Structure formats: structure tokens, C-alpha cells
2 protein chains.
Amino acid sequence: MSKWRNRIAEEEDIVVSSRVRLARNLQGHRFPGALDQDEAQIVEERIVRVIDTKFPGIYRHFRTEDLGEDAKVLMENHLISPELIQNRAFSSFCLSEDENFNIMINEEDHIRMQALWPGMPGIELFEQAKGLMDSLEEELDFSFHPEFGYLTSCPTNTGTGLRASVMLHLPSIKYSGLFPGLEDSLGKVGLIVRGLNGEGSMALGEMYQISNQKTLGPSERNSIIKLNRYVKHIVAKERELRRSFLTHYRPMLEDQVSRSLGILKYAKLISQEEAMACISLLRVGISLGLLEKISLKRITDLFFNVQKHNMIKYGQIKGLELEENQLRSMYINEFFKEVDLDG
Amino acid sequence: MSKWRNRIAEEEDIVVSSRVRLARNLQGHRFPGALDQDEAQIVEERIVRVIDTKFPGIYRHFRTEDLGEDAKVLMENHLISPELIQNRAFSSFCLSEDENFNIMINEEDHIRMQALWPGMPGIELFEQAKGLMDSLEEELDFSFHPEFGYLTSCPTNTGTGLRASVMLHLPSIKYSGLFPGLEDSLGKVGLIVRGLNGEGSMALGEMYQISNQKTLGPSERNSIIKLNRYVKHIVAKERELRRSFLTHYRPMLEDQVSRSLGILKYAKLISQEEAMACISLLRVGISLGLLEKISLKRITDLFFNVQKHNMIKYGQIKGLELEENQLRSMYINEFFKEVDLDG
């Protein structure tokens, strides 16, 4: 279902996805929070015109308001931000055909561009986003201060306007009790840890987002390189713990992985929390070779697709007037009928 | 695996099995607790000779000691009593080919005969046991007192020497909180409630044994008729509660039944307690038509076969040196591969 996940990454056992986000604002216009309908529309038209001229046929423009509840499905799949939905009266976005790039308009800033891919937050991902932004800058005047850099609605983004983040699946670090120590260490080097859906959200299924904090001072390249360096350490630690767990508690781990599969295949009412906890265990099982016949990509897609608004949409498509937990179990039961893990 | 379960009973959704036990002692011999090896052997030989003469080729004689750990498998399947094993140095038993009848020798009394069948504790079951005992009495002098009746090692059995008991599956009464009230009411009319494996045992899988208490005073027929009358009330109540639960909580019940199946099929480590709790839910599911393609008889067999010593025996037969909970999960996984409930 998620086109942007199609790339296969070497670290897919732990690194679920990486995202680079750049914030920019047009000179001569107030920030989105202070815009009225007319000015918001002028900002939108200016940006969309440049995108259409520079990249004809590649980006499709959607007004957030027109999408209704479907906007929340895109948010759960990390294609748009919660703030874009909060600002829905004025906001819109231009999504690339492959879904790797999205240019959000009138979110917290006039432009919030994000580049997404599975795997490490490599420098190439940043370069792709920067290249795209530079193309837009050829036609648009961005608010820029010679000393501070790019100006943004919230001062925490001023400077590079960059946020690079990575989503990691860290069940072994979590259940070894090493998580608080990791969070502290990362904080000391300016990296911040968040839950599945960003700020203030829970790390359901042991999914954590780690991102750079500083936009004023370090260069973009240095921010990305630092993030990559720490992520490599975390990946190595999580892998070591998973293997150690397999060595010392194999029967227990096999039981937990297999039970998770049993619950996903047989439950007729399942909450998002429980489904994600089970899928998290399947990811571990696949990464350790305990479950074959299913790819990490498909199971990672499943993880994101069992979220609330995805399920409501599924019910609408299927014409089923059922409660969310029933829809989720039907969706998951169907998924595993297609993927026969036993046969 | 249990031959005596082959009869099909109308009440099999709730009534698992019924048992009639008659206690007798030979005149001129001390009770088993006071016997030495020589006298115990004389008692045994006298009884076995009569059985072989009266019923040639029908009963097979086993010395408890010769069976080793297999005796515990028979105990778990309710074919012999725990006391017979405690007394193993002197004790033996004569089991009928169809396993419906077992004559235990030098248990608490010289003779403890039991007749077993699935379904209600009907008067016919008592008549079969009584008929068999009368045949033995033609050749053996039983200790009998004109006022008190048959004399027994423990005075609580003196009189008729009868204990009639029935095993009932009562999950809805249990989870509706009605159980303590039921136990009180039965106690007031002289019926006693015990767990899965008799006195002092837990009611695993919500399996309860209900039996008559008095052997001095009421006639055997009246004891049996009373037990049957109360059991009919209990069966009606349990059925009513199951149907009501289905009416009011169908999605939840379907979820619980289906999850139980998923756990039984997929767990790789499962305790007796958990397995029995899951099988208990499958019994409810089958009785309410939520699960087809499997008989109550097979699932009831499974319930008793997952007990500890059955599992140890399974490991020996298969040549597997695994821990009990691993053996149990393998046994159950195999069971459900044969019985394809999904297909």
C-alpha cells in the first residue's frame, strides 16, 4: 500500500524509514498562522505554479480539506503531518507519484518539504530533498537572514530548516531495560527520541523516531552524518541483543513469535496496541530467521496499515459497518490468508 | 485414546462423564491399610480368581507397581484412583476391555469397583456396577453388618459403599459468579463439589465433579435419582447462560473462542492450565455452533490428554527429550493439523 516503501534497505530489520524535512517561507508573506484565506491562497498558488512548471506531471496537488477523513489515513502512513490537518482550512500538499516526496503548503511554514525512504537517513536522502528545494528557490524568494539562515514560523527550525529523522524498531533494547540510558545519551548529543507518531505519541510496537534537534549552528551535512553514526551504533546493539536473546531463550522466543502469528490469524477483535505488539514480534521473528515466507517489507506495511483511520477507510471500502477492532481483525485475518506462513 | 468415552450422550455439551463406585471388603481379612504383603496377595488372588472365573477373557489384571509411571497416565484419564497409586506395593486392578469397568484391588478397601461412561449418572450405570458386584458376591463373602450395611475402611463409605459422581463443564456458571451459591445449595442437599481430579484439586478448565456424600441411610437408587435431578437443573442453567452470553456478547465470544484455537495451534510452550482454559473455550464454541468440523468427544479427549503424565508418556513414545510445556504444545499442534478446523 505504501509506494515509498518499495526500496529495500540493508538495515530493514531495524531501520523502518528515514525522513528529511526542510522548512521554508516566502518573502513578503506572513507566516501561515497569521494568514487570512486570501493571502493563504496566493501563497499556495505561487508555490504550486512553480512546482508544476519545474516538474510537470510529477506532483499531484491535494487540498487537505477536500480529502476529509482520508487525510488521517495519509497521516498514519506518515505522508502528511498532523499540523497540516490542524491547518486544513488553508493547507494543501503536492505529493510525488512515487510518494517519496511531499511538499506541504501552509503547514507551520509556507513550505514543508519531506523526502522519505526505507532504510538509513543517508546523505543522499538529504541531497535529493535539498536539490528539489534548490530548484524551487530558483523561482521563489525564501525568507533568509544572512546571520541566522532560513527564517521559520517557530524559531526552533530557523537556520537550516532541517529535521532529519529515522524510525527504528527497538524491541530488544526496550525489553532489556536499556532504553532510558539510550535516550539520555542521545539527548546529550542533541538527538531527540519520540514515539511512533512523533511528539507526545507512544512507541507502539517498540517503534521509535530519533531526530536531530539543532537547526542553528551545525551544517546540514554534519547533522545528517552525526545522526547516521549514532543510528549505526543503535542498530548494532539491537542486533546483538536479538541474537543473544535467540541464543539464550530460543524456545521462549519461538513460542512468543508463533503465538503472535496465531493471535493475528485468529483474533476476531483486536486493538491497535495488541496488533502492533504482535506484529513487532513477527518482525523480530523474521529478522532472526524464525519465520520465513514473508518479507519484512510486507509485515512493516501491515504494521502501519492497522492504524485507526486506515481501518475506518477499510470498512468504508468494504461496506462494513463494524467496530474498529472488528475491522482490524478482519483486515489482518485476510492479510494472513493471502500470505500462507504455514504451507 | 479413551475407549470408555465412545458412547455419545445427549448432554455432552456440559456432562463430561459419570462414575459409580462401589466399595466392598472381604470377610476375615484386615483392611488394606493394615495388610502385610502376604495377606494382601491372598486377598488379591481370591478376588482375581473370581473375576477370571465369572468373566473369562473380559478383564485384564495389572499390578500397579509393574506399570511404573504409566499408572499416572491412567489416573489422569480417571481409570484408576490416586489412592491406588499411593498403595502401589500391594495394589492392582482388573480393567475391562472397553474400559467402562475397573475393579481396583487393595486400594482403600479390598474392592473398589468403578463404572464410567460419558453423559448423565443414570440409574443404568449404577445397575451395571451393582450387577457386576452381585456376581462377585456370589463367590466372595463381603463384610456386612445387618444394621449398617457394607463395612468399609473409612466409615464415610459404610452402608451402600456407593459414590456416584458426575463431571460437569460449567464455564458460564463460573464466570457469571454463580458458582459459590451453587456449591452452597448442593452442600445443603448432601452433594459435594470437587475439582478436576477430585478432592483438593483445582477446577481447571472449569471442570467440576459433583458427587453424593451419604452412604448410610438413603438407598442407592434414591442417591442416584437425587444426583440426576440436580444435575439436570445445573445443565439447564449452564445452557441458558451460554445462550444468553452468545446473544449479548457474540463478537467477544467469537473472538475468545477463535483466539483459543489460534493459541492452541501456534503456541510452542503451553502449560496445562492455559491449554485447558483454551480447550474449555473451544468446548463452549462447539456447543454454541461457533466451531464446526470437530466433535465435542474429540475435544474432550484432548482436554484430558494434555495432562502432565500423558505428555511425559507422549515424549517417551516419540523419543523427544523436551520439557513438558514443549511436548504439550507439539502434541496439541499435531492434533489440530489432523483436525483442520479452517479448511
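1. In which helix of chain A is the place of H309(A)? The model is a predicted one, and in it H309(A) belongs to helix α11 of chain A, which covers residues 308–318. Its relative accessibility is 15%, and because buried means under 20% relative accessible area, H309(A) counts as buried. Once residues up to four places away in sequence are set aside, H309(A) touches E69(A), K72(A), V73(A) and E76(A).

2. On overall dimensions, chain A has 343 residues and a radius of gyration of 21 Å, which agrees with the value near 20 Å that a compact globule of this length would have. The secondary structure of chain A consists of twelve helices and ten strands.

3. Among the contacts in chain A with a separation of 6 or more, 70% are accounted for by residues 24 or more positions apart.

4. The sheet of chain A deserves a description of its own. Eight strands make up an open sheet with antiparallel pairing, and their order is β2-β3-β4-β5-β1-β8-β10-β9 (chain A). At the edges stand β2 (59–63) and β9 (191–194) of chain A, each of which pairs on one side only. From one strand to the next the twist averages 20°.

5. What are the pairings of β8(A) with β1(A) and with β10(A)? Strand β8(A) is joined to β1(A) by seven bridges, the two running antiparallel, and within this pairing S17(A) has M167(A) as its bridge partner. Strand β8 (residues 162–169) of chain A also pairs with strand β10 (residues 207–212) of chain A, again in the antiparallel sense, over five bridges. Here M167(A) stands opposite Q209(A), while H169(A) has M207(A) as its bridge partner.

6. The side chains of β8(A) can be followed along the strand. In a regular strand, side chains alternate between the two faces of the sheet. In β8(A), L162(A), A164(A), V166(A) and L168(A) point one way, whereas R163(A), S165(A), M167(A) and H169(A) point the other way, and all are buried. The strand is accordingly described as mostly covered, with eight of its eight residues buried.

7. Which strands of chain A does helix α5 lie across? Helix α5 (residues 123–137) of chain A lies across β1 (15–24), β2, β4 (101–105), β5 (111–117) and β8 of chain A, and it runs at about 150° to β5(A).

8. Turning to chain B, an open sheet of eight strands is found with antiparallel pairing and the order β2-β3-β4-β5-β1-β8-β10-β9 (chain B). Its edges are β2 (59–63) and β9 (191–194) of chain B, and each has a single partner strand, so one side of each is left without a neighbour in the sheet. Neighbouring strands of this sheet are turned against each other by 20° on average, direction ignored.

9. Within that sheet, β1(B) and strand β8 (residues 162–169) of chain B run antiparallel and are joined by seven bridges, with V15(B) standing opposite L168(B). Helix α8 (residues 220–266) of chain B lies across β1, β8, β9 and β10 (207–212) of chain B, running at about 5° to β8(B).

10. Is R112(B) buried or exposed? This residue, placed in strand β5 (residues 111–117) of chain B, is buried, with a relative accessible area of 7%. The side chain of R112(B) makes a polar contact of 3.0 Å with the side chain of D109(B). Neighbours within four places in sequence aside, R112(B) is in contact with several residues, including R21(B), N102(B), E107(B) and N157(B).

11. By contrast, Q27(B) lies in the loop between β1 (15–24) and α1 (37–54) of chain B and is partly exposed, with a relative accessible area of 44%. Beyond its neighbours within four places in sequence, Q27(B) is in contact with R46(B), D141(B), F142(B), S143(B) and F144(B). Between Q27(B) and S280(B) the C-alpha to C-alpha distance is 45 Å, and the two are 253 residues apart in sequence.

Notes. Residues are numbered from 1 along each chain as its sequence is written. Chains are lettered from A and ligands numbered from 1 in the order in which they are written. This is a predicted model: local features need pLDDT of at least 70, side-chain atom pairs count only at pLDDT 80 or more; totals for chains, interfaces and linings use all residues. Side-chain values use heavy atoms; hydrogens and water are left out. Two strands pair if DSSP finds at least two bridges between them. Helices (H or I, at least four residues) and strands (E, at least two) are DSSP runs, numbered from the N terminus. Axes are lines fitted to C-alpha atoms, for helices over the stretch in contact, and angles run from 0 to 180 degrees between N-to-C directions. Contact means heavy atoms within 4.5 Å. The radius of gyration is taken over C-alpha atoms; the globule rule is 2.2 Å times the number of residues to the power 0.38. Buried means under 20% relative accessible area, exposed over 50%, partly exposed in between (1.4 Å probe, protein chains only). A polar contact is a pair of N or O atoms within 3.5 Å; within protein, one must be able to donate a hydrogen and the other to accept it, and residues adjacent in sequence count only if both atoms are side-chain atoms.
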